[in-house]
Amino acid sequence: MLVVRPAGPADLDFLLELAILSGPGFTSLPEDPDQLVERLDLSHASFTGQAPGPDRWFTLMLEETDTGDVDGVGSVKAAVGLKRPFFSFRVQNTTQSSPSLGIRLEHQTLKLVNECSGWSEVGSLFLKADRRKGGAGRLLSQSRYMLIGAEPQLFSETVLAELRGVFTPDGACPFWDHVAHKFFPMDFDEADRMTGATDKQFILDLAPREPIYVELLPEPARAVIGKVHPQGVPAMALLESEGFRPNGLVDIFDAGPTVTCRRDDIRTVRDARALSAEIVDEVDAELPALISTASVAAFRAVRQKAVVEGETAVISRETADALKVRQGDIVRIKT
């Protein structure tokens, strides 16, 4: 059975493998064991309540319980931009006109901003290639919202997600090559590493102070602004199905889009119900449901058959074991 569970220090080898498989531009999964150790330690401290509220970064692992293999990762940050800026380019439309000449021009610019301070972020969604069918991606993605819905007060009223921008099959990034690299004279991987490992002062020091006119950029760069990496298209579809929409911000390195949704309007957060678990040997249901525990500290999630009867969720003994819940415990369920 596939189960989504909290990540901890023992998951380093699994997380490093996923980081290597994710490829370039996946900022939240650096191929750096030291950074990943820090992340797993922070995840453990976040789930156990030892980390300060705004610092909490919950990392989730998708595990096959029969084999113990970990095939995917996802995460939720309680807040971004509080201790370190959260820089983006805002895509702005401006109008210039000359009444005397009867000319009106529409221009698009990119302006460096730091607008997302305090918002929560869902991210790091990555699965091994052989797990990208059969609903595993949806389970992992929706588990992040079940985590938020378990204790909404731990998270901001606004939730964002950044999607990786376009890279060519050989690993080149058109926006980086034609635009960002002009301001950050280093390899993309080095800038990516510094984004996750430093206070981002280098961005403030080197990024353009004035708006960049999109019309002046080479066509390969213009064509990818706000576009999603081909591997990110399914993730974008899942986000849109939950109510997320682009908010006009793009990444300063690869120009991938940012999408946002009000926490309480996220479909899974809104629709999941807290019910008392009734455990039986077998469940007679046609379709599986998304089921999770009702607390962050003991969070686990699965997609298995369940029957809702009033204020009770009837689940199988196997499902209860995967969730580590007992008769009468509260579970959250979205059918």
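## Burial and the model

Buried means under 20% relative accessible area, exposed means over 50%, and partly exposed lies in between (1.4 Å probe, protein chains only). At 9% relative accessibility, D71 therefore counts as buried.

This is a predicted model, where local features need pLDDT of at least 70 and side-chain atom pairs count only at pLDDT 80 or more, while totals for chains, interfaces and linings use all residues. Residues are numbered from 1 along each chain as its sequence is written, and side-chain values use heavy atoms, with hydrogens and water left out.

## Helix 1 against helix 2

Helices (H or I, at least four residues) and strands (E, at least two) are DSSP runs, numbered from the N terminus. Helix 1 covers residues 12–22 and helix 2 covers residues 33–47. Their axes come within 10 Å and cross at roughly 125 degrees. That makes helix 1 oblique to helix 2. Axes here are lines fitted to C-alpha atoms, for helices over the stretch in contact, and angles run from 0 to 180 degrees between N-to-C directions. Angles under 35 degrees count as roughly parallel, over 145 as roughly antiparallel, 65 to 115 as roughly perpendicular, and the rest as oblique.

Which residues of helix 1 and helix 2 meet? L12, L15, L16 and A19 in helix 1 meet P33, L36, V37 and L40 in helix 2. By class, this contact has 8 nonpolar, no polar and no charged residues. Ala, Val, Leu, Ile, Met, Phe, Trp, Tyr, Cys and Pro count as nonpolar; Asp, Glu, Lys and Arg count as charged; the others, Gly among them, count as polar.

## Salt bridges

Side chains of opposite charge can pair when their charged atoms come close. A salt bridge is a side-chain nitrogen of Lys or Arg within 4 Å of a carboxyl oxygen of Asp or Glu. How many salt bridges does the structure hold? The structure holds 16.

One of them joins K83 and D55, with the closest N and O atoms 3.0 Å apart. This pair links distant parts of the chain, 28 residues apart. K83 sits in the loop between strand 3 (70–77) and strand 4 (88–98). D55 sits in the loop between helix 2 and strand 2 (57–64). K83 is exposed at 69% relative accessibility, while D55 is partly exposed at 25%.

## A buried pair and a network

D71 also forms a salt bridge, with K128, and their closest N and O atoms are 3.6 Å apart. D71 is in strand 3, and K128 is in the loop between strand 6 (120–127) and helix 3 (136–150). The two are 57 residues apart, and the pair links distant parts of the chain. K128 counts as buried at 16% relative accessibility. A network of salt bridges links E17, E64, D71, K128 and R131.

## A pair within helix 5

E190 and R193 both lie in helix 5 (residues 188–197). They are 3 residues apart, about one turn of the helix. Their salt bridge has its closest N and O atoms 3.0 Å apart. E190 is partly exposed at 31%, and R193 is partly exposed at 35%.

## Two buried residues

T260 lies in strand 10 (residues 257–262). It is buried, with a relative accessible area of 17%. Contact means heavy atoms within 4.5 Å. Not counting residues up to four places away in sequence, T260 touches W119, T158, V159, L160, G243, F244, R245 and N247.

V283 lies in the loop between strand 11 (273–280) and strand 12 (288–293). V283 counts as buried at 16% relative accessibility. Leaving aside neighbours within four places in sequence, V283 is in contact with K305, A306, V307, V314, I315 and S316.
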